[in-house]
Amino acid sequence: MFSLHTAEQAPQPSAPGRTPPQTGAATRATPAGGTIAWRAGRVVALALIVFFAIGPILWMMASSLRPAGELFQAHPSLVPSSVTFTWYQEVFRTDALRWFANSFVVAVCTTAISLTVGTAAGYAVARFTFPGRRILLACLGISYLFPAILLLVPLYLVLAALGLVGGLAGIVIAHLTITVPLTTWLMKSFVEAVPKELEEAARVDGLGYLGGFLRITLPLLRTGLATTAMVAFILSWDEFLLASVIAQGDNVTAPVGMAGLVTSFDIRWGAIMALSTLVTIPVLVLFFVLQRYFEKGLTIGGVKG
Amino acid sequence: MASAPTLLTRGPAGRQQRAGLAFAAPAALLFATILGYPIFESFRTSLFSMDLLTGRATFAGLGNFGALLHDMALRSTLGHTMVWTVLSLAGQLGLGLAAALLIDADWPGMRWIRQLLLIPYVIPVIATALVWRWMLDGHYGIISANLQSWGVLQEGANPLDQESTSLATAILINIWRGFPFAMLVFWARMQTIDRAQYEAAKVDGAGPWQEFTHITLPNLRSAMMSLLALRGIWTLMYFELVWLLTRGGPAGSSETLSTYIYQVAMGEFQVGYAAAVASAAGLFLAAAGLAAWIVIRLRGRRRHV
């Protein structure tokens, strides 16, 4: 779960962290805005920490573009002398495309199901009182915290009994155990940010509960839905543990297939770095798009106070 | 309890409750089948001696739990798990706090730097593991090659493949991966600190260090607590990174509880015993969680009195 708890965590902490107001920026005193030496020290420290954070990512991308002769030398040089796409060409000739297609299908199905179920449940616990509501909330909290490794054996046994081990459907079901608690939790907070009065007015006008939800509330949840969908997609796309025991043969996801490449003696690092770059790029793209949605989500939350 | 009868009445209250139940039903069903039932199954399996290859299961009662006490491999695994958890958390929180202090400034482009610093936390764990394995490769890895030329590391050695350094290296990589999350939580909390406190401190002649210890740090206490609780559970049971970096080796030198459970279940096919280890870990987590909750409750009460 660990990777599990990657990007999904961001909405919570950022809730109190409104982006600093533009107008107040000038008056807002920086706690440590002192001498020039102090500032220079901060800049250096910041540069170091940024280098530490993104250095490995840059190295991964650079390695995927270097010719074999430059990768495998006793004293690796920092700056590549030439750029090559042979590793990518090599990768595209293998089973890797199939792995990525599998990962994509699994992630899309997981996202669609967990978004549907999670939105309905989030709406239920945010808007209604019904018997079992508190139990459902408690289950949500527990399953959100529950480490996936503890679920591994029993989930495997249940899926094996149902004949779902080895297929993509089994992976989707396994991923739902990770994504549904989270999507429900996120959608609950997004629903709470939408005013209740609109749907109540719609109900007075004769729309039923389902009609009020579908026609009034759901369109207002667009930002929340987009954010939640991206989080679910990334979680499923990254997941390794559960997929590694359920996926078999041709039906492995990208992380599982890639993990199997390092065991051989002749490790093709260039190809592996090309695959690593390929598996990272969709996540990075979503992350930078997600950033915008985060802020939209925050302004809604901000209205609520 | 008036709720059950209300559910069945014809009035608006009953309709409201039925609507809530209907929205919550899919998630409740999903929780029961893919989370609740497997957890129950986990406890049941732990009472059997079960071989995944032959499929034979014999009732073992509490035998599996008894075997836990005499498992020497488990004992050293627990030691590694403690070291892994404590040092990972300390590193992630420490570096996260430092990074949060550094990005808490009104300098131009800070938003982008914040984004860049979050990248280690969002990229897929498989890419993290593979790129670090590449950088630490004993012959061509950029980090290992440099360490070797400085004489810190033996010729041709990979820190991940040496018993003395495998766990420490995995911890360092885990710090790299996890510090951005702590940074985000700390930074978000810092944005809510009243700036007037800093102004007042400045008037009183406080330097940056005093501002940090007397204003910033006390305000970050709650963020620190929730980070410790959440990250504590997930780091304790974090599987992917250790497995993908070292598979718990060499010679079990980086084996943590989660890789041990995986190894016992999927490598040795002792499903019953793996379920017993997982159940014991789950019970321990639940007990720790309950204790923490009670302590927080009691302290909260005392503060109010």
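This is a short walk through the structure above, from the meeting of its chains to a few single residues.

The model is predicted, so local features are described where pLDDT is at least 70 and side-chain atom pairs count only at pLDDT 80 or more, while totals for chains, interfaces and linings use all residues. Residues are numbered from 1 along each chain as its sequence is written, and chains are lettered from A and ligands numbered from 1 in the order in which they are written.

Helices (H or I, at least four residues) are DSSP runs, numbered from the N terminus. Ala, Val, Leu, Ile, Met, Phe, Trp, Tyr, Cys and Pro count as nonpolar, Asp, Glu, Lys and Arg as charged, and the others, Gly among them, as polar.

The largest nonpolar core has 164 residues, and Leu152(A), Ile126(B), Phe186(B), Ile261(B), Ala274(B) and Val277(B) touch the most other members. Such a core is a set of buried Ala, Val, Leu, Ile, Met, Phe, Trp, Tyr and Cys residues joined through C-beta atoms within 7 Å. A residue is buried if 20 or more other C-beta atoms lie within 10 Å of its own, exposed if 12 or fewer, and partly exposed in between. Helix α8 (residues 166-190) of chain B contributes the most to this core, with 15 residues. Leaving aside residues up to four places away in sequence, Phe186(B) touches Gly96(B), Leu97(B), Ala100(B), Leu220(B) and Ala223(B).

Helix α6 (residues 125-135) of chain B is largely enclosed by the rest of the structure, because eleven of its eleven residues are buried. Among them are Ile126(B), Trp132(B), Arg133(B) and Trp134(B).

Now look at how two helices of chain B pack. Helix α4 (residues 72-103) and helix α11 (residues 221-236) have axes that come within 10 Å and cross at roughly 140°. Axes are lines fitted to C-alpha atoms, for helices over the stretch in contact, and angles run from 0 to 180 degrees between N-to-C directions. This makes α4(B) oblique to α11(B), since angles under 35 degrees count as roughly parallel, over 145 as roughly antiparallel, 65 to 115 as roughly perpendicular and the rest as oblique. Residues making the contact include Thr85(B) and Leu89(B) of α4(B), with Leu228(B) and Arg231(B) of α11(B). The contact of α4(B) with α11(B) has six nonpolar, six polar and one charged residues.

Gly138(B) sits in the loop between α6 and α7 (142-149) and is partly exposed, with 18 other C-beta atoms within 10 Å. Ala251(B), in the loop between α12 (240-246) and α13 (257-267), has a positive phi of about 55° although it is not a glycine. Ala251(B) is exposed, with 9 other C-beta atoms within 10 Å. Phe269(B), also not a glycine, has a positive phi of about 60° and lies in the loop between α13 and α14 (271-304). Phe269(B) is partly exposed, with 15 other C-beta atoms within 10 Å.

Terms used: Two residues are in contact if their C-beta atoms, placed from the backbone, lie within 7 Å.
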